[in-house]
Amino acid sequence: MVEQVRRYMEQWNMAGPKDIVLAGVSGGADSVCLLLVLAELAQCMDFSLEAVHVEHGIRGAESERDADFVRQLCERLQVPLAVHHVDVLQYAKEHSVGTEEAARLLRYEVFAGEAGRRGSRCSVALAHQMEDNAETMLMALVRGTGLDGLCGMLPVREDAVRYIRPLLAVSRSMVESFLAERGQSYRTDATNFETQYTRNYIRHEVMPLLARVNPQAVAHMNRTAAQLVNLRAYMEQETDEAYRHAVRHDGDELLLDAECLLALPPALRERVVHRAVGEIAGARRDIGAVHIGEVLALLERQSGRRAELSGNVEAVREYTAVRLRRKCAGDAGVSPVSELAVTAGQLADLRPDGSQLVLPLGEDRGNLELRLLLYEGKLEQISTNIYTKWFDYDMIKSGFSVRGRKRGDFFVLDWDGHRKKLSNYFVDEKIPARRRDEILLLTQGAEVLWLIGGRMGVSGMVTDRTRRVLEVSYRGEKGYGLQEKT
């Protein structure tokens with residue numbers, strides 16, 4: 001069996017020369033077998049072997065005896081050992097998770113900490129074997145899963161820590177035979193037989209029934225898992241390519257191109273969406289098919305429709321895209337824009353001497369800067385900065401306001417007086433609904449003279465009759481105009 005494990009490790013490039021392999025050893029049959037096999041392979045494969053044991057604090061003196069057993073075994077094998085004591089019951093209570101899940105989370109926390117102290121060339125070896133893999137596949141299947149879940153346990157998993165499973169091609173009977181041949185004892189955890197735990201129920205109740213149907217059920221399931229791992233690798237390559245075309249970052253948010261996604265095969269479309277939701281949520285663990293389905297449904301719906309997803313993620317349909325964003329505490333929308341009134345008296349005090357009037361807009365929305373300029377009739381003089389506009393002073397000197405939108409706002413489009421409602425302009429320009437209340441407007445009554453960062457109405461524009469110009473500049477740090485400031 002040692003040679004079989006060596007070939008499997010080499011096939012998956014689990015450990016190279018000068019690497020550190022940190023074996024998780026509970027004292028049970030599988031982990032003891034793992035430690036013995038790795039101890040024999042360490043010299044010929046030229047890696048350093050160390051071990052870590054996590055005492056869960058559940059079974060009292062029995063649990064402490066497990067730790068003592070592992071200490072003695074590691075001393076005999078001359079394998080350095082780190083022992084950690086954790087309180088699973090307290091952790092489960094504080095985090096509202098089951099005992100089994102709490103133990104798993106704490107183990108991986110310990111593994112990650114120990115591996116981190118040993119550097120990037122350290123891999124954590126886990127003692128899962130073929131039956132464990134078959135049980136994992138069944139658990140995923142009955143709970144609801146896709147391709148990734150049906151792959152079972154991966155031989156090598158790269159996270160913040162690199163995990164390897166050298167025994168994944170070995171059956172439980174082979175482990176027991178190996179230990180019997182060497183006269184090696186091991187510890188038995190009585191809780192492993194308590195069938196109120198899901199995995200134990202599948203192990204002791206379901207798997208024997210499958211073996212009665214076909215004694216090779218476990219081998220066949222593992223063979224299927226291996227084929228699915230190869231299929232998953234191919235799908236990941238295709239997903240990488242599709243993701244680059246269909247998803248783009250917009251600050252801390254993601255935009256999913258609806259047309260691009262709808263052109264993908266359904267299976268690939270689902271994987272792209274799953275990855276995108278996971279990126280925003282920070283993890284994919286709690287993202288289910290129902291969440292992916294809600295995002296996919298938005299691709300066929302009108303702008304403004306939204307869905308609440310796992311991990312406090314919100315999906316919003318915005319014209320040609322679906323926006324994914326992480327909702328923050330207290331995120332109930334944008335606060336109303338306070339109206340700033342610029343009076344005729346303030347404008348009358350301006351002089352064409354280079355001085356300027358600076359007016360704060362409040363709530364960290366920046367400032368408005370006003371200057372009076374003399375105009376010589378040269379079009380090239382007119383500012384092209386999207387946040388600086390020139391107005392005919394004599395057409396605007398009665399005063400104006402800077403505010404957010406109101407019902408009834410409109411532009412005057414041309415000198416013939418044709419109008420367009422601001423609400424229609426937003427729709428035509430595909431400005432997301434979530435942004436419309438943020439945008440600042442320069443107005444006289446209901447007439448919009450300038451959508452800051454965007455277009456102007458004609459009423460205040462500079463003409464060949466203009467002699468004095470009011471230069472209005474928006475200076476804001478948060479981009480409350482139509483476009484983000486650069």
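In what order do the 6 strands of the open sheet lie? The order is β3-β2-β1-β4-β6-β5, with mixed pairing. The model is predicted: local features need pLDDT of at least 70, side-chain atom pairs count only at pLDDT 80 or more, and totals for chains, interfaces and linings use all residues. Residues are numbered from 1 along each chain as its sequence is written, and side-chain values use heavy atoms, without hydrogens and water.

View 1. The edge strands, β3 (81-85) and β5 (156-158), each pair on one side only; pairing requires at least two DSSP bridges between two strands. Strands (E, at least two residues) and helices (H or I, at least four) are DSSP runs, numbered from the N terminus. Strand β2 (residues 48-55) runs parallel to β3 and is joined to it by 5 bridges. Val54 has His84 of β3 as its bridge partner.

**View 2. Helices packed on the sheet.** Helix α2 (residues 29-45) touches β1 (20-24), β2 and β4 (122-125), and its direction makes about 160° with that of β1. Contact means heavy atoms within 4.5 Å; angles run from 0 to 180 degrees between N-to-C directions of axes fitted to C-alpha atoms, for helices over the stretch in contact. Helix α3 (residues 61-77) lies across β2 and β3, at about 170° to β3.

**View 3. The buried residues of helix α9.** Arg199, Asn200, Ile202, Arg203 and Met207 are buried (under 20% relative accessible area, 1.4 Å probe, protein chains only). The buried residues of α9 pack against α5 (99-118), α6 (130-143), α8 (172-181) and α10 (217-246).

Definitions and conventions. Buried means under 20% relative accessible area, exposed over 50%, partly exposed in between (1.4 Å probe, protein chains only).
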